[in-house]
Amino acid sequence: MPSRGLLLNLSRSATCLSSVASQVSRPEVPLAVGTHPLNEAERLETGFTLDPQLFEKIQKKDVKIAVLGMGHVGLPTALGLASLGWDVLGTDSFAPLIDKLQAGTVPFYEPGLEQLLHEHLGANFQPVHDLEGAIREATILFLCVGTPQKSSGEADLSQVEAAARTIANQLNGYKLIIEKSTVPAITAQWIKRTIRRYARNSEREVPDFDVASNPEFLQEGVALKNVFHPERIVCGVQNDRARQIIEELYRPFEAPILITGLSTAEIIKHAANSFLSMKISFIKMVADLCELVGADVTEVAKGIGMDHRIGPDFLQAGIGFGGYCFPKDLRAFIYLAEEHGADFSLLKQVEAINIHRTEVFMKKVRGALWVLHDKTIAVLGLAFKPGTDDTRESPSMRIVEELLKEGSTLRVFDPKALPLLENALLKDSGKLMFCESALEAANTAHALLVLTEWPEFRDLPWSTIRDRMELPLVIDGRNLLDPQAIREAGFEYLSMGRPDL
Ligand code: UGA
């Protein structure tokens, strides 16, 4: 996304302030959470008012923001806030990441992000190594640290706790700590308790602070669009003081703000990701039946998606969902439910259907090629989706591993994703070649697999590709290609949940 466009969009937002304010959904009572408390912990705290002088400074953007964690969430958030005119300090416990940012390099691919970094670096965005100093300097802190998963599926919150303890030791005045990392319910309560507990260890008087939960809904590949044009902003707060600051922060965005209790906001994030995962697994289940009865799942998806209660998005059947969010968040949500004795068997099926996709796809490949040993296979796409170089939990990587286990020779191309050379299986196989183009990958191949729906794969010179291949066979794991056109280019074509051609 060109930065020029971003600035235009932002200045448009800035000029619409009054109309934005009228569109922001505000509770009629001081706080919606106060009227509908889910439980004791959600109840609104009273008697916390914002110091008018501090509020004036916030309104003038005369306070600093620190963003802790410079990953896929933290960096777009930090640069988005910098674009709005805030002074933002970016920190991360991984020092080389800060070195890279200071040198003007974004360590992962996200469209438009590097341009935005160049615009703000050294001006109102400063990547800094000194975490403690950044916490002391800032009034508003965004927690965007990692929440990886343990082998049990439970979220590993050690980075969140470490950040809370560091904040506790550096509290030097009022601070609003905004949790943005995806975390299980009651983490915000724990952050608060942890800060209180560790701040009390020192001898000084503990300054006031608030914790808010403001889950992110950024999609890799379109993160900046999500930052600047959010569909909604969800924020869990415990008092009016935190709400006032949050509303001030997000005022320029033309998006409704839903204010809730802390745990409610945390659940909204997990429920949103799980619901979307459920839609994907649902259509995959339907795709299996479509194949058996000769129906076309893409038409089925279109037909059901026209009902506004269902909607057309996230109904693309294929080799499954991956990435660092859906699989991990789904497991963490299931774990949380089990911990509390709630029946989440529905979501267990969502996960099982997704994992089973690799086998479904492998069956299709075996069905088309019979013996896979010593066959040469072109693989287009390693990233878990287009627009990113991220291969974490990518279904494509699982299929690559399975094909290598069966003794195939792979010629792989992805426009952005780098080969995961640390993956021992891939490294040691000696049967994997990373190619510079789709055309090169197709050379001498007995089949070509489309595993990531990069739009540019649609427009490849398919006739030339056919001439380079040993056998003209395409297996499309993402239903990306037009069956008729690919058939006309001389290929046998198999896809997911659509009649074979
Ligand atoms: C997801 C959510 O969409 C974001 O709202 C959320 O903020 C983010 O997780 C997060 O928790 O941080 P993301 O993981 O970037 O975003 O990617 P998605 O675009 O949601 O795709 C996830 C996976 O589902 C991909 O592997 C994609 O190929 C797959 N997918 C998506 C399908 O298989 N079919 C579909 O119809 C849609």
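**Reading helix packing and a pocket**

Tutor: In this predicted model, helix H13 (residues 262–293) packs with helix H16 (residues 345–369) at an angle of about 45°, and their axes lie 9 Å apart. H13 is therefore oblique to H16.

Student: What describes two packed helices in general?

Tutor: Two packed helices are described by the angle between their axes and by the distance between the axes.

Student: Which residues of H13 and H16 meet?

Tutor: From H13, Ser274, Ser277, Met278, Ser281, Lys284, Met285, Asp288 and Glu291 take part. Their partners in H16 are Leu346, Leu347, Val350, Ile353, Asn354, Arg357, Val360 and Lys364. By class, the contact of H13 with H16 holds seven nonpolar, four polar and five charged residues.

Student: How do H13 and H15 pack?

Tutor: H13 and H15 pack at an angle of about 115°, with 9 Å between their axes. The crossing of H13 and H15 is left-handed.

Student: Which residues form the contact of H13 with H15?

Tutor: H13 contributes Ile267, Lys269, His270, Ala271, Asn273, Ser274, Leu276, Ser277 and Ile280. These meet Phe326, Asp329, Leu330, Ala332, Phe333 and Leu336 in H15. The contact of H13 with H15 comprises nine nonpolar, four polar and two charged residues.

Student: Are H15 and H16 roughly parallel or roughly antiparallel to each other?

Tutor: The angle between H15 and H16 is about 150°, and their axes are 10 Å apart. Angles over 145 degrees count as roughly antiparallel, and H15 and H16 are therefore roughly antiparallel to each other. Their crossing is left-handed.

Student: Where do H15 and H16 meet?

Tutor: Leu330, Arg331, Phe333, Ile334 and Glu338 in H15 meet Leu347, Lys348, Val350 and Glu351 in H16. By class, the residues of this contact divide into five nonpolar, no polar and four charged.

Student: May we turn to a pocket? What is the volume of the second largest pocket?

Tutor: The second largest pocket has a volume of about 360 Å³. Its lining has 21 residues, of which Ala155, Leu157, Pro184, Thr187 and Trp190 are the closest to its centre.

Student: Which elements give two or more residues to the lining of the second largest pocket?

Tutor: They are helix H9 (158–170), helix H10 (187–201) and helix H15 (326–339). By class, the lining of the second largest pocket has 12 nonpolar, four polar and five charged residues.

Terms used:
Residues are numbered from 1 along each chain as its sequence is written. This is a predicted model: local features need pLDDT of at least 70, side-chain atom pairs count only at pLDDT 80 or more; totals for chains, interfaces and linings use all residues. Side-chain values use heavy atoms; hydrogens and water are left out. Axes are lines fitted to C-alpha atoms, for helices over the stretch in contact, and angles run from 0 to 180 degrees between N-to-C directions. Helices (H or I, at least four residues) and strands (E, at least two) are DSSP runs, numbered from the N terminus. Angles under 35 degrees count as roughly parallel, over 145 as roughly antiparallel, 65 to 115 as roughly perpendicular and the rest as oblique. Contact means heavy atoms within 4.5 Å. Ala, Val, Leu, Ile, Met, Phe, Trp, Tyr, Cys and Pro count as nonpolar, Asp, Glu, Lys and Arg as charged, and the others, Gly among them, as polar. On a 1 Å grid over the protein atoms alone, a cavity is a set of points where a 1.4 Å probe fits but cannot get out, and a pocket is an open set with protein on both sides within 12 Å along at least five of seven lines; lining residues have an atom within 4 Å of a point. Grid points are joined across faces, edges and corners, and a volume is the space filled by probe spheres set on the points. A crossing is left-handed if the near helix is turned anticlockwise from the far one by less than a right angle, and right-handed if clockwise.
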